[in-house]
Structure formats: C-alpha cells, structure tokens
Amino acid sequence: MSFRILHTADWHLGKVLYEHELLEDQAAFLDQLLDYLSREKAAGRAYDAVVVSGDIYDTANPSSAAMNLLDSFYVKFAQNNKGTHLFIIKGNHDSLRVGLNKNFLKMAGIHLSAESTSITEPVVLEKDGEKLCVYQLPFLSQVNPVEFEGDEKGRIHSQGEMIAEACRQIKEAHEINYGNELSLLSAHLTTFGSIKSAYDDNSVGTIDEVDSVLFDTFDYTALGHIHKLQKCGKTGRVWYSGSPLPYYFDSSNETFFLDLTLEKGKEPVISKVAVDLPHKVERLEGKISEYLSSDESFINLHKDNYLEFIYTDEVLEPNAITKLKKIFPLALSFRPKSSQSRRDETLEAIESRQSTFNDPSLYFDAFFKENFGDSISDPELHQKAKELFITLAGEIDNPETDDFELTGED
C-alpha cells in the first residue's frame, strides 16, 4: 500500500517585491493548490498529506492581511480535504507564532511545528495496515535549539551541530518505536552543494550548510529554504520543492509542487506538478528612450509581467521612468547596465562553483578562480592543496545509488 504526498515550501506570504505587494499572486497560488487537491480527490487520487517545509510568511511579524490569507487557506483546506493531512513547519523567516492554535488545528488534520521540543514524536498516518511516520524539524537556532543529552549548561552549538543531533535523535526514536515503518522528514535548512537563486544567495549566508547524508535513512526528506527545485545528494530521496512563486528577477518562471508516492520496500516515485503563475518575472535590457516608443504588440507581450529594466542610456530624459511605468504598469526595478554587469559576473562565478559540487577537482578549480582569479603564484603548492582537497572530499562522499531523475511531470 502506498502513500501519496504533495511537497511544497517557501510560500513567503506577505512578500513585497520592490514595494509591490504580492498578496493577490499568493492568494491565486493558494486557490490553485486547493483546486488541484479537489480535482485529484474527485478523480479518486486524493493525497494523504500536503507537506509545507517552512517559510510560510516572509517576515517574523507578518501583516494582518498575510495572516488572514493563511487563516482562510486553513478553513478551505479543512472543509474540502477531509482525510488529507496538512503539515507545516517554522522556517527561518517565520516566528514561533506559526505554531499558534496548533492543538485546535490538529483536530482538522493540520499539524503545525514551530518549536523543537517534539521533533521525535511523529504524526503516524495509517492506510490498510501500513504506516507512514511524518517527522517535522522546524528551523533550529539559538532561540529554538535542540537539547543535547548530558550537555553542560550554557554551551552553545552551531546550527549544523543541532541539525545533526536532531536527526540522530529522530532516527533513534524511530528505530525504537517504529522499526522499519516508512518515514518522512520535513525540514528547513541548507545542504552542501544546493544550487541557490539570487534570492537565496542574499538570504542564507548566516545559515550552516549540512551534508545530505544526514537524511539517508529517511524514505523521503522534504526540504525548504532554497527556492530552486532540486535533488540533494545521491539517494534520490532528498529534495527541495522550491518556491511556488518567483521572488526575484533572477528566479525561474518554472515553479512546481512535488508529487511523490511512498511505498515500503520501493524507491519514491517523484514527479513535478507545474504552477500556473499569475505574473512572470522578466528582465529587459536596452535604452529606456526606445522602450518609450514600443509598439502595441511588444507592450501586450510584456505588460502583464513583473519587469526589471537594465537600461543602457547614458542620460535619462526627464520623467523617463514615470513615463515608462504608464506603459508597463508592472515595471518595478530600474538599474543601469554597469551595475548589472558586476552582479552577473558574481552570480556566474557562484553558479559555476555550485554546479561542480559532485566533482571535487572541478569544484576546487572553480572555487580558486572565484576567489583568486586565474593567476597561480606557486603551481607546486597549488597542486598539493588540490590533491589534499580531493582526498578529503572523497572521505566524506558516500553515495548509495546512481544519479536520480524525476519520473514524470503532470
């Protein structure tokens, strides 16, 4: 018997993009999610659970409108999805208020986890004699730490140490209480080698990266925090779903939910479910003076997108930006070409290094070039350092299976 799960994360309700509120887009996304669940249920393919892996809100103090939007979603979900459980954990953008009313909402099958005190206590889903244990690991920090047994009072642990200890405790409790029953972990964190968007690169710098081998014993690990859909590690069982909406002009306009089927003794079957965006993000480059005289077909092609203009004009005519916004009402950002070129070079270097993560030799070369350029002052020392890095990388790399691809797309 199998369990069907929908994995999503990083909703960032209340997000503002260059002073433009995105609540209407977010309401449309939530309605789309509810409609999709209803269609699948009507077709006899109801989900057993929806897992949301953190960053429900964009700030620790969300607006009343953002909180009302989530509250409305809870009501509609509970009314129309009886038998489907909803799991939500605290992300680094969220405050502990994400866990408010958790005991009341639990009666409607909505399971909130904001504090680290109950990480070893799963919600157990049962179906025709089979069990799926769902563990929720909210974002850990010094104000929401995990306890270390026998630890000296006042000792401070890094976030990476806390995540490793939390996983150890969960694995131990699962083995004792549930043996070989199916297990799913929902967590909000950063893994080594994950490919970050520009938004992520600006927002995850103070968060420890952890090795995805920590999650190898779980049948599936649903991650949040990185906005780009991707697999982590080698097992094919650790995934970021990505954000359902693009929140930066460097983001992709292809966003998804992840559909997965878990069955004891088998690898998870995973496919993408595309999200239909209310508005895409787009970057246009050229002279503002020329865009001001755009023809109707060009305007119709771009006017419904959120736009960033990278302009090449040496001098802007008076009120040029105001005039352009009248033509393209969703134009939100305007930057000179010189600043964008510097940004592109930085992002290209970061992406180059991240894309070589599974090849220690190429990763070393990309990292060196990003930080020191092409000049090597001592080739012999450089080669020794490279060989040492490759050796150390080999000692911590423990792949279990070959590379894994998505099985399909709905």
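Select arginine 4 and tyrosine 47. The charged end of arginine 4 sits over the ring of tyrosine 47, 4.0 Å from its centre. "Over a ring" has a cut-off: NZ of Lys or CZ of Arg within 6 Å of the ring centre and within 35 degrees of the ring normal. Now pick lysine 272 and phenylalanine 256. Here the charged end of lysine 272 sits over the ring of phenylalanine 256, at 4.6 Å from its centre.

You are looking at a predicted model, where local features need pLDDT of at least 70, side-chain atom pairs count only at pLDDT 80 or more, and totals for chains, interfaces and linings use all residues. Residues are numbered from 1 along each chain as its sequence is written, and side-chain values use heavy atoms, with hydrogens and water left out.

**Next stop: ring pairs**

Rings of Phe, Tyr and Trp (its six-membered ring) pair if their centres lie within 6.5 Å; planes under 30 degrees apart are stacked, over 60 edge-to-face, and the rest tilted.

The whole structure holds twelve aromatic pairs. Is phenylalanine 249 buried or exposed? Phenylalanine 249 is buried, with a relative accessible area of 6%. Tyrosine 18, at 37%, is partly exposed. The cut-offs are under 20% relative accessible area for buried, over 50% for exposed, and partly exposed in between (1.4 Å probe, protein chains only).

Move to phenylalanine 298 and phenylalanine 328. They form an edge-to-face pair, 6.3 Å centre to centre, with 90° between the planes. Phenylalanine 298 counts as partly exposed at 25% relative accessibility, while phenylalanine 328 is buried at 0%.

**Last stop: the cores**

Which residues have the most contacts inside the largest nonpolar core? Select Trp11, Leu13, Phe73, Tyr74 and Leu86; the core has 40 residues. A nonpolar core is a set of buried Ala, Val, Leu, Ile, Met, Phe, Trp, Tyr and Cys residues joined through side-chain atoms within 4.5 Å. Helix H1 (23-42) and strand E5 (85-89) are among the elements that give two or more residues to this core. H1 gives the most, with seven residues. Helices (H or I, at least four residues) and strands (E, at least two) are DSSP runs, numbered from the N terminus.

Zoom in on phenylalanine 73. Its partners include Leu30, Leu33 and Leu86; contact means heavy atoms within 4.5 Å.

Note on methods:
Lists of a residue's contacts leave out its neighbours within four places in sequence.
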